[in-house]
Each structure stands twice: as structure tokens, then as C-alpha cells.
Amino acid sequence: KKSWPEGRPDFLRFVLYKENIDTTTATKELSRKGSKARIGYAGMKDKRGITTQFCTMYRTEPQQIIGDRRSGGGGNTKHNGSA
């Protein structure tokens, strides 16, 4: 098991931007990008809208989930030490 650097916050906090996709499907797609961490979020957002939602992942590097910007992958991530 890979050790986590001391002093680095345990939680990565980011904003999930979605267009015409439900929260469950969007988070499953993020999980496929390489991190095994569960994604935390509060509530479901409209499938047929353009929405943003705060999410967290435990001990995940931003590079593990950031996609190609041309395909809509985003970069609004921040490490957060709180749960």
C-alpha cells in the first residue's frame, strides 16, 4: 500500500460540473479514471440540467481524476483536511 505524505490533507475537494448526466453516472466515470477512493457528495442533481456540486475523495491526487480539458475534464480542485 502506498503511503500518504505527512502533512498533506487526507481529502481532495473539487467541484463536479455536469451537463445532462446524473450524479451516479458522473461519479462512476470519475472513479474509472484511476482512483479507487469513494466519492463523497450530498444529494443528487438534476440529470437534465447544467449543474455543479462539491465532492470529496479520500487520499486522491488531482492528477488521478483530471481529464483532458477538451473533453470537459476540469481543474477546480483543492486539498481539504476536513471530513
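# Close-up views of a predicted chain

**View 1. The largest nonpolar core brings together 11 residues.** Its members are Leu12, Phe14, Leu16, Ile21, Ala26, Leu30, Ala37, Ile39, Cys55, Met57 and Ile65. A nonpolar core here is a set of buried Ala, Val, Leu, Ile, Met, Phe, Trp, Tyr and Cys residues joined through side-chain atoms within 4.5 Å. Strand 1 (11-19), helix 1 and strand 3 (50-58) each supply at least two residues of this core, and strand 1 gives the most, with three. Helices (H or I, at least four residues) and strands (E, at least two) are DSSP runs, numbered from the N terminus. "Buried" means under 20% relative accessible area, "exposed" over 50%, and "partly exposed" in between (1.4 Å probe, protein chains only).

A word on reading these views: this is a predicted model, in which local features need pLDDT of at least 70 and side-chain atom pairs count only at pLDDT 80 or more, while totals for chains, interfaces and linings use all residues. Residues are numbered from 1 along each chain as its sequence is written, and side-chain values use heavy atoms, with hydrogens and water left out.

**View 2. The whole chain has one helix and four strands.** Starting at the N terminus, the order of elements is β-α-β-β-β. Of the 83 residues in the chain, 29% are buried. The chain exposes about 6000 Å², and carbon and sulfur atoms supply 48% of that area (Shrake-Rupley method with a 1.4 Å probe; for residues, only the protein chains shown count as cover). Taking contacts between residues at least 6 apart in sequence, 62% join residues at least 24 apart; contact means heavy atoms within 4.5 Å.

**View 3. Helix 1 has four buried residues to look for: Thr23, Ala26, Thr27 and Leu30.** They sit on the same side of helix 1 because they cover an arc of only 95° around the axis, the arc being that of the directions from the helix axis to the C-beta atoms. An α-helix has 3.6 residues a turn, so residues three or four places apart point the same way. The buried residues of helix 1 pack against strand 1, strand 2 (39-41) and strand 3. At the start of helix 1, look for a side-chain oxygen of aspartate 22 that reaches to within 3.2 Å of the backbone nitrogen of threonine 24.

**View 4. Threonine 23 and glutamine 53 meet through their side chains, in a polar contact of 3.4 Å.** A polar contact is a pair of N or O atoms within 3.5 Å; within protein, one must be able to donate a hydrogen and the other to accept it, and residues adjacent in sequence count only if both atoms are side-chain atoms. Threonine 23 belongs to helix 1 (residues 23-31), and glutamine 53 to strand 3. Are these two residues buried or exposed? Threonine 23 is buried, with a relative accessible area of 0%, and glutamine 53 is buried too, at 4%. The side chain of glutamine 53 also reaches the backbone oxygen of glycine 43, at 2.7 Å. Leaving out residues up to four places away in sequence, threonine 23 touches Lys18, Tyr41, Gly43, Met44, Lys45 and Gln53.

**View 5. Tyrosine 41 lies in strand 2.** Tyrosine 41 is partly exposed, at 30% relative accessibility. Beyond residues up to four places away in sequence, tyrosine 41 touches Thr23, Thr24, Thr27, Gln53, Phe54 and Cys55. The C-alpha atoms of tyrosine 41 and phenylalanine 54 are separated by 6.5 Å, with the two residues 13 apart along the chain.

**View 6. Asparagine 20 and arginine 59 are shown for their backbone angles: asparagine 20 has a positive phi of about 55°, and arginine 59 one of about 45°.** Most residues other than glycine have a negative phi. Asparagine 20 is in the loop between strand 1 and helix 1 and is exposed, at 54% relative accessibility. Arginine 59 is in the loop between strand 3 and strand 4 and is partly exposed, at 37%.

**View 7. Confidence is highest in strand 1, at a mean of 94, and lowest in strand 4 (residues 77-80), at 53.** Over residues 70-75 the pLDDT is below 50, and this stretch has six contacts in the model beyond near neighbours in sequence. The mean pLDDT of the chain is 81, with 77% of its residues at 70 or more; pLDDT is the predictor's confidence in each residue, from 0 to 100. Where pLDDT is low, the predicted coordinates should not be read in detail.
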